[in-house]
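Visitor: Hi! I'm new here, could you walk me through this one?
Guide: Happy to, let's have a look together.

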Amino acid sequence: MDADLILGAVSDSATLVIIGRERSSNLLELPPLNVETILLIASIKDGELSQSLDVNDLLAGKMASSKDWCPTYLSPQLEHTEFGHLLTITDILLKDWSENGTLHYVDYDYPKPSYFPFDKPLFSKLGLNELVYNWNTANTMFAYDYDALHLYALNRTGSLPVSYFNSQHGYISAGRSYENRAYDYFSGLCNTDLIRVVQYTSLYQIFMDNGITNANDSVHYAPKNKAGILISPCKTLLTNIRNLSPDAIDTISRKVGKKNYEQFHKADVSRQLADWERENKQLLDVERKNDIFENTATETQGRLKNQLRNLQQQLKNTDDVTFDKLCRYLAYPRSEAFSNKERYQMYRLGSSVMETIFAFGKPNLKELGVNLSDVKNDYSSSLKNSCSPWMKTPSMIISYNSPRLTGGHNLSSKIRRVNNINADKSIISERRTQYVPSGEPQSPKGLAPRTRTTSGNMKPKSTVPASPLSGTPVRKRNDVIPTAERAKRGF
């Protein structure tokens, strides 16, 4: 209650002491951490926690209303908890504010900041087809082991570090300069929700590193039916594809291919033709342009027909047991455990299904007998009674004006250990391949990460005594903590 920020910890084989800053912020700005959440964190035994908005699941995506829907994912221990709800909120903030506030999430009327981290939305700035936004724990906390003591210090208290990847599976950084700029931005906002995520994450890491466990295991309220809700519509979709007649494939491919061409491809062809005319200083006649448009539309329809046929053949060649496993896998990819051989088979079949469905277009799935609005409503109604007595985390998110943005939180219990107490605590950039669009500097000036210090911080001495505690005088309480009445200390 008397601290508003966790700064670090000290431990030995028998004792753990959490170091906090005596409260200087008022209780409305930074409320105390919840005891229930701290006990929950102490009960977690897994070394990794995660949260995401599953926008790339098979039956997530754009509905006929042009709004997108997606299931939410939380590690089972975090479902219907304060910590889990904070992770979902801050995931939305990372995506929306990285995109300059251009994303819209239904029923999330969060106050916008006065400025954003980039001069324009990052997705369009980088010119990518897909972008992964991640909060992570890399360099969140540093540990120094000194004889029998372990010293822990947070790098920043304002937010977790940020990662941008240009592919969900390739893990190529979108540029450390952008990540550092975002980390500077979010950690400097003094946003209560971002700060609380850092506080709870630091406790999770400290508890795991010291083997601290809650003697009475907390009750988890993760819905047990979540993994099976979407199996039925997934099976309906794949069964309908497997049973399509050749005539039905031709008819559907022409109809959907023409619609996709008019909505997406025709504008690209027009831009390419305009670029060609400008570069060659020559105008194409109208008849030639119309031929190009017609040929492109025919090619679009032909590609879609071939994809449907190829997927149908793969599904027909799949036995019933594997087909059922594929439906369960695509309905909730995290729920199934496979052998190495099965995992490869599921990944290969699943990739073919996803590639075809993305080319087909989620709003067009009604042509294959599945209506995403109905799927969303059934999913919501199946989970509406699933919650803890005091908290419910959202089971799904509805948004619009959203490109293919994935990501979430990767919370690891691992702490970066340093070799000496004078180690630089600035962000240590990992050696990842990074993507930087043409015309952008590799390392813009003024974007290097900064660790804030205050006049009260003590600089480490050049020499360290044989024992950190030997010969250390005990200071009086009033030399360290003000003894004035609370009413005169800003409360």
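Guide: We'll start with a strand and its partners, then turn to a pair of helices.

Guide: This is a predicted model, where local features need pLDDT of at least 70, side-chain atom pairs count only at pLDDT 80 or more, and totals for chains, interfaces and linings use all residues. Residues are numbered from 1 along each chain as its sequence is written, and side-chain values use heavy atoms, leaving out hydrogens and water.

Visitor: Is strand β8 mostly covered or uncovered?
Guide: Mostly covered: β8 spans residues 141–146, and five of its six residues are buried, meaning under 20% relative accessible area with a 1.4 Å probe, protein chains only. Strands here are DSSP runs of E with at least two residues, and helices are H or I runs of at least four.

Visitor: What does β8 pair with over six bridges?
Guide: Strand β9, residues 149–154, in the antiparallel sense. Pairing takes at least two DSSP bridges. M141 stands opposite L154 in β9.

Visitor: How many residues sit between β8 and β9 in the hairpin?
Guide: Two, and D147 in the turn has a positive phi of about 50°.

Visitor: Switching to helices: at what angle do α8 and α10 pack?
Guide: About 150°, with axes 10 Å apart; α8 covers residues 286–316 and α10 residues 340–360. They are therefore roughly antiparallel (an angle over 145 degrees).

Visitor: Which residues of α8 meet α10?
Guide: L304, Q307, L308, L311 and Q314, whose partners in α10 include L349, V353 and F360; contact means heavy atoms within 4.5 Å.

Notes: Axes are lines fitted to C-alpha atoms, for helices over the stretch in contact, and angles run from 0 to 180 degrees between N-to-C directions. Angles under 35 degrees count as roughly parallel, over 145 as roughly antiparallel, 65 to 115 as roughly perpendicular and the rest as oblique. Buried means under 20% relative accessible area, exposed over 50%, partly exposed in between (1.4 Å probe, protein chains only).
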